[in-house]
Amino acid sequence: MASIAALAARHAVVDARPGQYLCFPDLLALPGGRLLCVYREADRHVATRRALLARESADGGATWGPAREVARGTGHCPRLSAPAPGLVCALDDDGALFASRDAGRTWSAARGTGMAHGVPDRILPLPGGPWLTTAHRHLDGPEDPASGQRPTEQIVFASRDAGSSWRPRGRLAGPGRLVLCEAAMVRLPSGRLLALLRENSHVGEPIRRCHSDDGGRTWSAPEPTPLLGHRPTPGLTTDGRLLVTYRDTGPSPGTSAWLGPEEALRGFAPQGPASHAPGPPPPLSAAGLLLEAPPATAPWLLHPLTDPDAEHAALEAEVRCLEGAAGLRLGGWWRVTPGELALLGPPESGGSGGAHGAPSEVLARTALAPGAWARIRLEWRPGEVRALVDGAPRLAVALPAADVRRRAVCFGALPGAAGRSLWRAVDQDIRPLGGGPGHAWAWTPAQGQPDARARREVLRLADAPGVAWPDFGYSGWAEPRPGRFVCVYHHAEAQAPDYAPGTGAHVRATRFDATDFPP
């Protein structure tokens with residue numbers, strides 16, 4: 001694990017004022033090493049009043065000058081870019097474009113036609129071609145019960161008149177069980193466009209990646225990345241690597257960053273309750289991984305079911321519950337105690353991994369040998385979950401398939417329950433019924449911590465314990481000097497006496513460099 005969250009000298013406040021919800025910043029490096037930050041001022045997360053403000057730093061993000069008004073009565077998630085010499089643009093929802101010819105000191109406002117979509121990306125000018133951006137919207141119609149919301153479409157738009165009008169150029173991602181949104185694009189040295197997208201089902205789905213080799217007209221199918229979070233902000237560093245900052249919605253929430261060669265950002269990585277949190281990882285020995293709750297009150301997140309009515313899945317674990325309770329989740333929460341395995345009633349929806357309190361209602365139960373090791377295998381078939389213990393079938397329970405609460409897959413702590421447990425093997429397998437790519441993962445203590453990859457690749461910039469997920473982690477970054485980075489993001493403090501979800505946040509800046517990442 002690498003974290004600079006506790007290094008006070010790396011952090012600065014861009015803007016924090018009582019009674020203001022300051023949020024959704026982006027950052028741009030200006031000529032001469034100055035930094036420009038644009039962000040929203042509002043009364044709360046779901047705003048009834050709003051404005052866009054800008055502040056400037058002349059010392060690499062350590063201090064910030066006074067606020068300047070970009071626009072009053074409007075603004076959501078502005079994205080900064082410099083698409084032409086001497087021009088700075090902040091693009092916002094529905095094609096709203098704020099332009100500055102004096103490095104952000106004064107601004108003009110216009111609304112481009114043709115883009116009725118929100119949360120746009122930065123403007124990406126193609127060499128000798130149009131400006132591109134991408135934005136999303138929820139489609140009309142009923143909610144999909146397997147995602148708990150209406151489907152989305154993510155469209156790439158092109159403008160040939162400096163943002164005065166936009167035309168759809170291609171569909172980056174369309175409606176489906178993955179609720180893909182908040183895409184951001186980067187042009188790789190080969191000319192290929194890479195896009196990273198948030199997945200919004202709140203069941204532990206990772207950030208997805210797609211690519212285009214024809215200037216954004218057609219896109220590859222979404223693939224998983226090892227990052228779990230929202231509003232990814234990718235870009236190329238001066239040495240050609242990919243840097244991504246994002247709202248980390250894993251079991252230890254915060255603002256995180258990933259740095260590496262673009263081709264390495266592939267494949268799912270399990271996330272643990274201490275993947276990026278302060279303190280040592282859970283004790284690991286030849287006897288197994290010892291999990292204690294508390295302090296590890298969140299489960300480990302594995303790859304979720306993406307389409308629960310079109311997939312077969314299995315979750316198998318060798319576990320010994322020493323006291324209290326531990327948990328497995330496939331199809332629902334299973335409570336493991338020293339003498340019993342029990343399927344609990346429907347878990348609450350919401351929260352990455354569905355890690356909110358597991359209910360106490362028991363739908364089915366079977367005995368375990370008290371205090372002994374048990375090999376528990378859970379199998380999902382659309383509409384049914386089965387349990388086997390030491391190879392013998394024990395339970396089969398009918399469950400609705402098209403339900404977002406069936407999708408998360410977890411092991412470790414049972415939310416809301418104290419306990420101590422040893423784990424010496426965990427295996428997962430997911431297979432689409434119609435064929436195509438599945439997912440398989442197997443772990444034993446000989447491989448180290450189950451979240452070893454996340455610990456190896458991700459840098460934690462700021463922790464957000466106890467903060468509701470809307471109130472932290474939308475970010476932007478810039479590289480004012482080669483190998484030196486500044487990330488701005490919004491952040492609430494859960495310990496503040498007046499904090500209530502959705503009502504308070506401020507904008508912070510964190511300075512880091514390439515050497516901060518795990519070796």
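In which sense do strand β26 and β27 pair, and over how many bridges? Strand β26 (residues 326-329) and β27 pair in the antiparallel sense, over 4 bridges. Strands here are DSSP runs (E, at least two residues), numbered from the N terminus. Two strands count as paired if DSSP finds at least two bridges between them.

A word on the basis. This is a predicted model, in which local features need pLDDT of at least 70 and side-chain atom pairs count only at pLDDT 80 or more, while totals for chains, interfaces and linings use all residues. Residues are numbered from 1 along each chain as its sequence is written, and side-chain values use heavy atoms, with hydrogens and water left out.

Stay with β27. Arg329 stands opposite Trp333 in β27. The hairpin of β26 and β27 has 3 residues between the strands. In that hairpin, Gly331 takes a positive phi near 80°. On to β28 (residues 340-344): 4 bridges join β27 to this strand, and the two run antiparallel. Here Thr337 stands opposite Glu340.

How much of β27 is buried? In strand β27 (residues 333-337), 5 of the 5 residues are buried, so the strand is largely enclosed by the rest of the structure. Buried means under 20% relative accessible area, exposed means over 50%, and partly exposed lies in between (1.4 Å probe, protein chains only). In a regular strand, side chains alternate between the two faces of the sheet. Both faces of β27 are covered. Trp333, Arg335 and Thr337 are buried on one side, Trp334 and Val336 on the other.

Next, an open sheet of 4 strands. Its order is β2-β39-β38-β37, with antiparallel pairing. The edges are β2 (11-15) and β37 (472-481); each has a single partner strand, so one side of each is left without a neighbour in the sheet. Neighbouring strands of this sheet are turned by 25° against each other on average, direction ignored. The axes behind that angle are lines fitted to C-alpha atoms (for helices over the stretch in contact), and angles run from 0 to 180 degrees between N-to-C directions. Within the sheet, strand β38 (residues 484-491) and strand β39 (residues 506-513) pair antiparallel over 8 bridges. Arg484 has Asp513 in β39 as its bridge partner.

Another open sheet has 4 strands in the order β15-β16-β17-β18, again with antiparallel pairing. At its edges stand β15 (180-187) and β18 (223-224), each with a single partner strand, so one side of each lacks a neighbour in the sheet. Strand β17 (residues 208-212) and β18 pair over 2 bridges, in the antiparallel sense. Glu223 in β18 is the bridge partner of Arg209. Strand β15 also holds Glu182. Glu182 has a positive phi of about 50°, although it is not a glycine. At 4% relative accessibility, Glu182 counts as buried.

Val119 also has a positive phi of about 50° without being a glycine. Val119 is found in the loop between β10 (108-111) and β11 (124-125). It counts as buried at 8% relative accessibility.

Look now at the loop between β23 and β24 (299-302), where Pro294 has its place. The peptide bond from Ala293 to Pro294 is cis, with omega near -10°. A cis peptide bond also joins Pro294 and Pro295, with omega about 10°.

Ala293 returns at the largest cavity. The lining there has 13 residues, of which Leu291, Ala293, Gly412, Ala413 and Ser421 lie nearest the centre. β23 (288-293) and β34 (419-432) each supply at least two residues of this lining. The largest cavity holds about 60 Å³ of space.

Last, the cysteines. How many disulfides are there? The count is 0, taking a disulfide as a pair of cysteine sulfur atoms within 2.5 Å. The sulfur of Cys23 is 7.1 Å from the closest cysteine sulfur, in Cys77, which is too far for a bond. Cys321 is in no disulfide either; the nearest cysteine sulfur, that of Cys410, is 17 Å away. Cys23 is buried, with a relative accessible area of 0%. Cys321 is buried too, at 3%.

Methods. 1 Å grid on protein atoms, 1.4 Å probe; cavity = no way out; pocket = protein on both sides within 12 Å on 5 of 7 lines; lining within 4 Å. Points joined across faces, edges and corners; volume = space filled by probe spheres on them.
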